[in-house]
Amino acid sequence: MDIKRIIAATILSGLILIGFDYFMPKPAPATHAPAQIAATPPVSSQSSLASTDAAQNAAPAVAARRLTVRSPDVQGSITLKGALLDDLVLTKYRETLAKDSPLVRLLSAPGSAAPSYVVIGWENAPGSNAALPELNTVWQSNDDALDPTHPVTMHWDNGQGQVFIIRLSIDSHYVIAVQQTVENHGTTPVSLIPYQRVQRDYEAQGGSWTEHEGPVSVMDGRLNDESYKNLRDAATHPDHTYWAKNGTGGWVGLSDKYWLTAVLAESTAPVSASFGFVPGLPGTAGSYRVGFTAQSAQTIMPNGSISMNSHIFAGAKVVDLLQSYSRDLHVPDLDKAIDFGWFSFLTRPILTLLHWLYVHLGNFGLALMALTLIVKIILFPLAAKASASSGRMRLLAPKIQEIRERHKDDPMAANQKVMALYKEEGVSPASGCLPMLIQAPIFFCLYKMLYISIDERHAPFFGWIHDLSIPDPTNIFNLFGLLPFDPTAYISMLHVSVWGTALGITFWLLQRQTTVTMDPAQARIMQFMPLVYVFFMSSFPASLLVYYTWNNLLTFAQQAFIQSRTTLPVPVTTAKKGR
């Protein structure tokens, strides 16, 4: 292998490892919302994202009954005060591996430590002044529980002739069907605009360069995502809206690494989707709001009624489940809530294959190793071609060095002679790089996939690895836990795990296998690189260490096989000398 390519690849790898620690998000400090949600300042816009919630705080606290929510995958409750879906946990996912660990909470009530909830409501169209339900409105219901066999109905009479009705039904997974109805028993028409939004009233943190966390939407087939930081810029906008788009159907939501809360419009409904941020009083976090409204007002004539149907998704981002909802509900690209990245055409099938292997092998680590082996087999022809090209370049290295020494005062002439030698020998300097360029996106997709796969979360491997999504807990500096102290509490770099050490050994083996002649200074730098990998990568998730270690072993075996089966041709210049 050409020495320049070795050094370049080594430096690039080191930069990636160093940069990883910089770009990966640090744990966010705990945020605590005030006991009462702060009133947001009045605004002139009629947008549902910027509508004021001042009445929520101006009115005295009102006790309200809750309707229980029960399904195989979620449980929680709906408050009749405001008709909010503000209490939901996922029954199949826990916060940690501990048996008594709480279930993952997706939605929490206003006034809690991390308020996050879904609002269903109406706005008055210009010229209409009907009394509307708001967050302090206490709805009525004859039902007690929402489950897959029993829908619930909530209703509220505004005393002016209009009755507002919300009907909810839930499936066995994560979707709630919503029907918003208004009946007009008055003597004059009213014009209303129904809306739904997901609201988060605490200082939310974004994701990283490997996965998006924050507002996300698909409208007219186009993915739109933004950061929480960008949404906060909307605080200075007149209507507090950062992004808006009209379309037919579509969905809008807030995406976390593994979870999604979104409102889904009916496929034929003309809606306007938007992301926004409403600032709170000084010292409060403000409110992130994403959702949609009907594009035009709906007029309800006397003795008439209108309805709008939609859905709420609140659950885990499981690929095949999201895809099935897209098909069944005619919701476009709901699986785009998963950040597949620029190379989604590669990441999607790779993630699908990994999930299939996981289902059949029953162990995520084994599935990852099997996937790596399959990718190695598919890319074997490219690897063989790159190896053969490197062999020919190594064979010509002495001749190239001789040319450069002879023309050291005339670099242009030296380059011309070298190119002539390449042409005479039938060697292309780029032929070894092209296979590497083709393989790079594939291995990047493998790397990214490990950060977006929910299958990896809390997935055990063998021995002491109980969760592949977190670093290997062992550390040689405290004798693998025998000494009662944590070295990383003093110096973060003092985490050298068993799998990190195994990775360093495999890098050393690969380095030995591809050793080339180099000056002593370069040789010393290269000798330290495996040790650098050990220190930097021990803090990576265990799944990445398993992947890289196994990949290095396969690469070592593959390279040894290729070298044993490859016969390098004799250069033309050498053959001529032999005559």
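**Close-up 1. T549 is tucked away as a buried residue, with a relative accessible area of 4%.** Everything in these views comes from a predicted model. T549 belongs to helix α12, which covers residues 542-565. Its side chain has a polar atom 2.7 Å from the backbone oxygen of L545. Once neighbours within four places in sequence are set aside, T549 is in contact with W499, A502, L503 and T506. Take T506 from that list: 43 residues separate it from T549 in sequence, yet the two C-alpha atoms are 6.3 Å apart in space.

**Close-up 2. D73 sits in the loop between strands β1 (66-70) and β2 (74-79).** Look for K92 here: its side chain and that of D73 are joined by a polar contact of 3.0 Å. K92 also turns up among the residues in contact with D73, neighbours within four places in sequence left out; the others are V89, L90, T91, S172, H173 and Y174.

**Close-up 3. L361, L366 and F462 make up a nonpolar patch on the surface.** Together, these three residues have about 270 Å² of accessible area. Which helix holds L366? That would be α6, running over residues 364-378.

Methods: Residues numbered from 1 in each chain as written. Predicted model: local features only at pLDDT ≥ 70, side-chain atom pairs only at ≥ 80, totals over all residues. Heavy atoms only, no water. Patch = residues over 30% accessible without salt bridge, like charges linked within 9 Å, V, L, I, M, F, W, Y side chains within 5 Å. Areas by Shrake-Rupley, 256 points an atom, 1.4 Å probe, with all protein chains shown as cover. Salt bridge = Lys/Arg side-chain N within 4 Å of Asp/Glu carboxyl O. Helix = DSSP H or I, 4+ residues; strand = E, 2+ residues; numbered from the N terminus. Polar contact = N/O pair within 3.5 Å; in protein donor to acceptor, adjacent residues only side chain to side chain. Contact = heavy atoms within 4.5 Å. Buried < 20%, exposed > 50% of the residue type's maximum accessible area, 1.4 Å probe, protein only.
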